[in-house]
Amino acid sequence: MSADEHLSDLILDALRRGRGDVGRGHLESCPRCQARQAELAEADRAFEARFVPAALATETLTAAQKSRSGWPWPVPALAAVASAVALLLWLGPETPEVRRKGSQSLFELYVLEGDQRYPAGDAVDALAHLEVRVRSPGFAQVLWGAADGGWTALFPAPGDAPWSVPVGGASLPREVILDGAPETERIGVVVCTTAMAAREAREVLEGRRRSDCQTDQRELRKR
């Protein structure tokens, strides 16, 4: 790794969590990467404090106890509502199974050409190298599929550790290299609040409802 290269958010997050040693030497000598890792850690702490259902329930209960007079709901019901609110804040206003569009898409695709990086259109070169960047925090699974159906785990692979995307998003730790066949394929992303196996992610993309998941997919024509 040259002095001009820096570690991705995914690698920085993995090092912070004690998962692997790739890039550790660079991190120990790079103030820029150390600062970015500290930013990611702070973002994680802020996210957990704001979005963990138990924390929101406690916050709501405390507020209720300060104004007991005239409060119409019993405490158990209040806790249930607080947890439901936390889940809605995590998922956002859209139905989990509905694809996010435009600027609200769950992931971004970029074509890599040497030092150049630009957004992928609906059609790309059949031998292109792609970067997949997931925008939403949570446990993510990226899958590749034929246009006529079926999904294959792209990352993490079956048996690998779950991929936890931090606040601010993260890119796959490796490029996706297309196979050269001029055909239309699909890429799909599932992000859930809890870890999932590749099989579960496939089922979610195929229509199985899971209230803690968001999904997105798009077709990619290789020319």
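The model is predicted, so local features are taken at pLDDT of at least 70 and side-chain atom pairs at pLDDT 80 or more, while totals for chains, interfaces and linings use all residues. Residues are numbered from 1 along each chain as its sequence is written, and side-chain values use heavy atoms, with hydrogens and water left out.

As for confidence, pLDDT (the predictor's confidence in each residue, from 0 to 100) averages 75 over the chain, and 70% of the residues score at least 70. Residues 67-73 fall below 50, and that stretch has four contacts in the model beyond near neighbours in sequence; a contact here means heavy atoms within 4.5 Å. Residues 75-103 also stay under 50, and for these the model has 58 contacts beyond four places in sequence.

In terms of secondary structure, the chain has six helices and eleven strands. Of the 223 residues, 39% are buried, where buried means under 20% relative accessible area, exposed over 50%, and partly exposed in between (1.4 Å probe, protein chains only). The chain exposes about 12400 Å², and carbon and sulfur atoms supply 54% of that area; the areas come from the Shrake-Rupley method with a 1.4 Å probe, and for residues only the protein chains shown count as cover. Among contacts between residues at least 6 apart in sequence, 67% join residues at least 24 apart.

Next come the cores. A nonpolar core is a set of buried Ala, Val, Leu, Ile, Met, Phe, Trp, Tyr and Cys residues joined through side-chain atoms within 4.5 Å. The largest has 25 residues, of which Leu-130, Val-132, Val-134, Val-142 and Trp-163 touch the most other members. At least two residues of this core come from each of strands E1 (107-113), E4 (129-134), E5, E7 (163-165) and E10. A second, separate core of nine residues includes Leu-143, Trp-151, Met-196 and Ala-201.

Gln-141 sits in strand E5 (residues 138-146) and counts as buried because its relative accessibility is 3%. Setting aside neighbours within four places in sequence, Gln-141 is in contact with residues including Ala-153, Phe-155, Pro-156, Met-196 and Ala-201. A polar atom of the Gln-141 side chain lies 2.7 Å from the backbone oxygen of Pro-156. Pro-156 itself is in the loop between strand E6 (149-155) and E7, and the peptide bond joining Phe-155 and Pro-156 is cis, with omega about -10 degrees.

Lys-222, in strand E11, is likewise buried, with a relative accessible area of 3%. A polar atom of the Lys-222 side chain lies 3.3 Å from the backbone oxygen of Ala-181. Among the residues Lys-222 touches, again not counting those up to four places away, are Val-124, Leu-178, Asp-179, Glu-183 and Glu-185. Lys-222 and Ala-126 are 96 residues apart in sequence, yet 4.5 Å apart in space, C-alpha to C-alpha.

On to the cysteines. A search of the whole structure finds one disulfide, defined as a pair of cysteine sulfur atoms within 2.5 Å. The bond joins Cys-192 to Cys-213, S to S 2.0 Å. The torsion about the S-S bond is about 105 degrees, so this disulfide is right-handed. Cys-192 lies in strand E10 (residues 184-192) and Cys-213 in strand E11 (residues 213-222), so the pair ties together parts that are 21 residues apart in sequence. Both Cys-192 and Cys-213 are buried. Cys-30, by contrast, is in no disulfide. The sulfur of Cys-33 is 3.6 Å from its closest cysteine sulfur, in Cys-30, which is too far for a bond. Cys-30 counts as buried at 7% relative accessibility, and Cys-33 at 2%.

Lastly, helix H1 (residues 9-16) has Asp-9, Leu-10, Leu-12, Asp-13 and Leu-15 as its buried residues. H1 is followed by Gly-18, whose phi is positive, near 75 degrees.

Definitions and conventions
Helix = DSSP H or I, 4+ residues; strand = E, 2+ residues; numbered from the N terminus. Polar contact = N/O pair within 3.5 Å; in protein donor to acceptor, adjacent residues only side chain to side chain.
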